[in-house]
Amino acid sequence: YYGALHMPIQESQLKQSLRRALCDQTVAIRDRRRYVEEKWLRNRRTWMGFPFTRYHASDTSTSNYRIPAARRVIERAVVRGVKLLTPKVKWFEVAPSGDVDVDSRRLSNVDNFMWYIIRKKIKSRSIISQLVRCLILYGMPVLKTSVMVQNGMVFPTQRAVDPFSFYIYPETSATLDEAEDIFEDFLFSYSRYQTFADKGIVDPIAADELSRPDWPYHIVERLAYQGITDPTANVDSIIDSVGDQLRRTTDGFVSLTEKWIRRDGKLYQVYIAWNLHGGPRIVGFFESIYDSPLYRTTIHRPLPGETYTTSQAEDITELDNVQSDMFNQFIDSVNREQGFLAFGGGSSLRGDRFTFKGGAKWDFGADQPRDVMQFIQPPVTSTNQLRAWQITNAMMQSMGGAGTIAEGQPGRNMPRSGTAVESLINLSLADIQDFA
């Protein structure tokens, strides 16, 4: 934090007068966005490969395969977007313009240092990859730029912000410049919070003042997709029996919100701690030294007067569910087309004895089953199912920003070389070039 180098004086009186209003406003803004987050979670569920309720569940087969076709479409677009945004050549220049005589060794040192900062300290490629993925899944990537102090040295830093924890108010703001309030929710370990308190950014909090944090529902759900519980689950017994270990266990977390608000033409930074026994408290309130918040964001499909629009992943979520159903129906059809073997000639047989699956044997209970043995061949329907599955996948590729041309597979009666193919490829990748 650059603010740690020039720490302003805390405004305790103003903190107390605004505590209730700011806390209530923050909770209300979170609740207002619940439906938007539900759509984001649905997109992420598709990306993780978790099935929804099947539209055409099979009554003759237990096959329930899940083909992550939508994830492959999304990841293919991510890879191409990252490649467009991170060229191999350096996108900065350190040599001065004009007739200026500068030692070449100094230029080389500065050039290498800048390259080290961008690729190692900022980790630009990793951040761009996260931002592009957030753009496709949620339609709103968020970047925070600041500085960090490490071993007595100051370095610029950037990080991709979790869109679920980032809020803009009012929701009619198409850009951050139009927003009145911007805030982000954090879950800090107690030891990390103490480092900020030692620098005077926030007020100190005693360990026995902390209660167990309420982890947001979207974090718990996203961890559940991976088979992981929240970091403080099932450790209550440890905390109850050994209170002095609170700072060293995962339960020692501070639920913190960083708000950027404008009042009377001034920009203020506000920090609210939530999981305290005495209720939420403003632990930091000061006039910011920055002219604008340190966040940068963009909206994938902007509209005037709207913050949350649609994302590219929403276009193919339903198609992903349909193609999984189509593939399972194809497997069922192939299975049934193996035919059934009927033998025997008895009567009074129960219908539930007959299984409609490939290679099933139907015993009719005759003394001489060979005399009445018959092979039953159902009609072939798998070819239509396969064709429907292929059409659904092609629609997903097209709506996901790429088609057969972009994959190097021109369609029938389409040019296969020359400038015509180059023009078709550029046109098929227009969506990817647009969001890049």
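Reader: How much relative accessible area does D264 have, and does that make D264 buried or exposed?
Author: The scale runs as follows: buried is under 20% relative accessible area, exposed is over 50%, and partly exposed lies in between (1.4 Å probe, protein chains only). D264 is exposed because its relative accessible area is 79%.

Reader: Good start! What pLDDT do local features need in this model?
Author: Residues are numbered from 1 along each chain as its sequence is written, and side-chain values use heavy atoms, with hydrogens and water left out. This is a predicted model: totals for chains, interfaces and linings use all residues, side-chain atom pairs count only at pLDDT 80 or more, and local features need pLDDT of at least 70.

Reader: Back to D264, then: where is it found, and what is its phi?
Author: Helices (H or I, at least four residues) and strands (E, at least two) are DSSP runs, numbered from the N terminus. On that scheme, D264 is found in the loop between strand 5 (253–263) and strand 6 (266–273). D264 is a residue other than glycine with a positive phi, near 55 degrees.

Reader: Which peptide bond is cis, and in which loop does P170 sit?
Author: With omega near 0 degrees, the bond from Y169 to P170 is cis. P170 has its place in the loop between strand 3 (166–169) and strand 4.

Reader: Let's turn to charges. How many salt bridges does a search of the whole structure find?
Author: A salt bridge here is a side-chain nitrogen of Lys or Arg within 4 Å of a carboxyl oxygen of Asp or Glu. Searching the whole structure under that rule gives a count of 13.

Reader: How many residues apart in sequence are the parts that the E318 and R42 pair ties together?
Author: The side chains of E318 and R42 meet in a salt bridge at 2.6 Å, N to O. E318 lies in helix 9 (residues 317–336) and R42 in helix 2 (residues 34–48), so the parts tied together are 276 residues apart.

Reader: Which residue forms a salt bridge with E75, and is E75 buried or exposed?
Author: The partner is R133, with the closest N and O atoms 2.9 Å apart. That pair links distant parts of the chain, since E75 is in helix 3 (residues 69–85) and R133 is in helix 5, 58 residues away. With a relative accessible area of 15%, E75 is buried.

Reader: Which strands does the E184 and R159 pair tie together?
Author: E184 and R159 form a salt bridge whose closest N and O atoms are 3.0 Å apart. E184 is buried, with a relative accessible area of 3%, whereas R159 is partly exposed at 30%. The pair ties together parts 25 residues apart in sequence, because R159 lies in strand 2 (residues 153–161) and E184 in strand 4 (residues 181–189).

Reader: And how many disulfides does the structure hold?
Author: A disulfide is a pair of cysteine sulfur atoms within 2.5 Å. C23 is buried with a relative accessible area of 5%, and C134 also counts as buried at 14%. The number of disulfides is zero.

Reader: What accessible area do V110, F113, M114 and Y116 have together?
Author: Patches are made of residues with over 30% relative accessible area and no salt bridge, joining like charges within 9 Å and nonpolar side chains (Val, Leu, Ile, Met, Phe, Trp, Tyr) within 5 Å. Accessible areas come from the Shrake-Rupley method with a 1.4 Å probe, and for residues only the protein chains shown count as cover. V110 has its place in helix 4 (residues 104–121) and is partly exposed at 42%. Together, these residues form a nonpolar surface patch of about 350 Å².

Reader: How far apart in space are the C-alpha atoms of G339 and P378?
Author: G339 is found in the loop between helix 9 and strand 9 (340–343), and is buried with a relative accessible area of 1%. G339 and P378 are 39 residues apart in sequence, and their C-alpha separation is 6.1 Å.

Reader: One more: what separates the C-alpha atoms of Q323 and A388?
Author: Q323 lies in helix 9 and is buried, with a relative accessible area of 0%. Q323 and A388 are 65 residues apart along the chain, and their C-alpha atoms are separated by 8.4 Å.
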